Structure formats: C-alpha cells, structure tokens
Amino acid sequence: MIHIQCFAHLREQTGQDTITLDQTSLSVAELLAELSARYAIETESLMVAINEEYAAPEDRVSEKDRVALIPPVSGG
Amino acid sequence: MYRITSQPIEVEEVTKKVIRPEAGAVVNFIGTVREFTKGKKTLSLQYEAYPEMAEKQLKKIGDEIKENWPDAVTAITHRTGKLAISDIAVVIAVSTPHRKDAYLANEYAIERIKQIVPIWKKEYWEDGEEWIGDQLEKTPYSNGEPGEVKPS
C-alpha cells in the first residue's frame, strides 16, 4: 500500500490527512490519474513529492516512499 | 538555520545565527500579516506546512544562495498556525562581507520561498475563508516543476 499525505485545501476536500492506495508501485502520472478518478481532485496544478523532493511525472513511487501531494504553495 | 515553527518568531534570534566576523552587512526580511489586500480586509491567516519537506526546501534555497553569492550565510524561519494582523510569518537573515550581496540574496530567498517551499496560507475574511495558492489564484506548475528564478 502507498500512503499519500494531503495538505491545505486537498486535506479539506478529501477529508483525510493521508490517502491510501492498494498498489505497491506506480508512476507519479499514474498516481495522479488514480487520485483524480477517485477523489475528483484537480491534478493539473499538483506536484507530487517523493521523500520530500519534487518528483517528475515519470518517477516511480513504491510502498516504502514518503509521498505527498503539493498544491501550489503560498508561503512567505 | 532553516526552521518551521508554530511559535512566535524572534527576529533577533534568527539574525544572530548569521552574524560573524567576516560579515559587514546583515539584511533581515520580516514578512508580516497585512490587513488589506486589494481593498479586502483580512481578519487573520493560517499557515500550514509540510514541515520535513519545507525545511529541506529552505536549506535548498540557502544552498542556491551559496552558489550565487559564495560569501553569504542565510538563516530562515517560517511560522505556521493561526496568525493575527501584523504577526510575523517569516524572517530571513542574510549576512555578507558587503551590503549589496546581502540585499540581493535576501530578495532571492523570499522569491524562492514563494515558489518551492511547501507552505500554504488560508485567509479568513469577514465574509468567508479560502486557501490561497489554488489554480484560481496562482499560475499552475504546467511545466511539471516549480519555476526557477535567476538572481538579478
């Protein structure tokens, strides 16, 4: 299973701090497609972080990775 | 040197981290909560962070500053949680041997924070609340990566 952390409006929209997917490995693009289908999340502006680093669409996510969804940031 | 905290930020504490004998200039940036934005009154703000990644990204900004201004030393603290008007949200301290580099590097740091550090702001107004930074408010990362800025 892959656990995905959610923040800000995504946490409120999904009603969860962490989303869990049954897969053991998938690409970032596949992960976003899966979440889009399941939660009606707008994924176009979303970045995915793997182990606290921004990931590219072709990067792969596996069960031992720390995964998070990063909407456009607004700190400062 | 790079911290996310839920406690009020002491400017002096951040500044002290970069003061050293080689430095002849220290520039502080203090980001505070503004009451009016485009005529709309903000009551309070809430900042949420992905702390582990945010601190890594703050360090990355410090590393980028080192590449562009090798003599600069940078410290950054960003606050999370609920903030009132005029509360301090972020403090950036940069020291360099001469002042010009400290000014430039400090501005570079705040621009990069707004691009790559996973911190989100929720605005509370008299008539509602909203997370800032969704695709309606900001340019999405259409190229798949947060943008790069070049030092001026």
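## Chain B at a glance

Chain B has 152 residues, and 33% of them are buried. The model is a predicted one. Three helices and nine strands form the secondary structure of chain B. Read from the N terminus, the elements follow the order β-α-β-β-β-α-β-β-β-α-β-β.

Take the contacts with a separation of 6 or more: 76% of them join residues 24 or more positions apart.

## Strand S7 of chain B

Start with strand S7 of chain B, residues 88-96. Eight of its nine residues are buried, so the strand is largely enclosed by the rest of the structure.

Which strands pair with S7(B)? One is strand S2 of chain B, residues 25-32. Its pairing with S7(B) is antiparallel and has eight bridges. Here B:Asn28 sits opposite B:Ala93 of S7(B). Another is strand S5 of chain B, residues 73-79. That pairing is also antiparallel, with six bridges. B:Thr77 has B:Val91 of S7(B) as its bridge partner.

## Two helices of chain B

H2(B) has 18 residues. From first C-alpha to last, H2(B) reaches 26 Å, close to the 26 Å expected at 1.5 Å a residue. Its buried residues are B:Met53, B:Ala54, B:Gln57, B:Leu58, B:Ile61, B:Gly62 and B:Ile65.

H3(B) has 18 residues too, which should span 26 Å at 1.5 Å a residue. The end C-alpha atoms of H3(B) are 26 Å apart, so the span agrees. Buried residues of H3(B) include B:Asp101, B:Ala105, B:Tyr108, B:Arg112 and B:Ile116. What do the buried residues of H3(B) pack against? They pack against S2, H2, S5 and S7 of chain B.

## Where the chains touch

How many residues does each chain bring to the contact? Chain B gives 28 residues and chain A gives 21 residues.

Chain A has an open sheet of five strands. Their order is S2-S1-S7-S4-S5, and the pairing is mixed. The edges are strand S2 (18-21) and strand S5 (53-54), each pairing on one side only.

Strand S4 of chain A, residues 47-50, runs antiparallel to S5(A), and two bridges join them. A:Ala49 stands opposite A:Tyr54 in S5(A).

## Two positive phi angles

A:Ala8 is not a glycine, yet its phi is positive, at about 55°. A:Ala8 lies in helix H1 of chain A, residues 8-14. Is A:Ala8 buried or exposed? A:Ala8 counts as buried because it has 27 C-beta neighbours inside 10 Å, and the cut-off for buried is 20 or more.

B:Ser86 is not a glycine either, and its phi is positive, at about 75°. B:Ser86 is in the loop between strand S6 (81-84) and S7 of chain B. B:Ser86 has 9 C-beta neighbours inside 10 Å, so it counts as exposed. The cut-off for exposed is 12 or fewer.

Notes. Residues are numbered from 1 along each chain as its sequence is written. Chains are lettered from A and ligands numbered from 1 in the order in which they are written. This is a predicted model: local features need pLDDT of at least 70, side-chain atom pairs count only at pLDDT 80 or more; totals for chains, interfaces and linings use all residues. Two residues are in contact if their C-beta atoms, placed from the backbone, lie within 7 Å. Helices (H or I, at least four residues) and strands (E, at least two) are DSSP runs, numbered from the N terminus. The expected span of a helix is 1.5 Å times one less than its number of residues. Two strands pair if DSSP finds at least two bridges between them.
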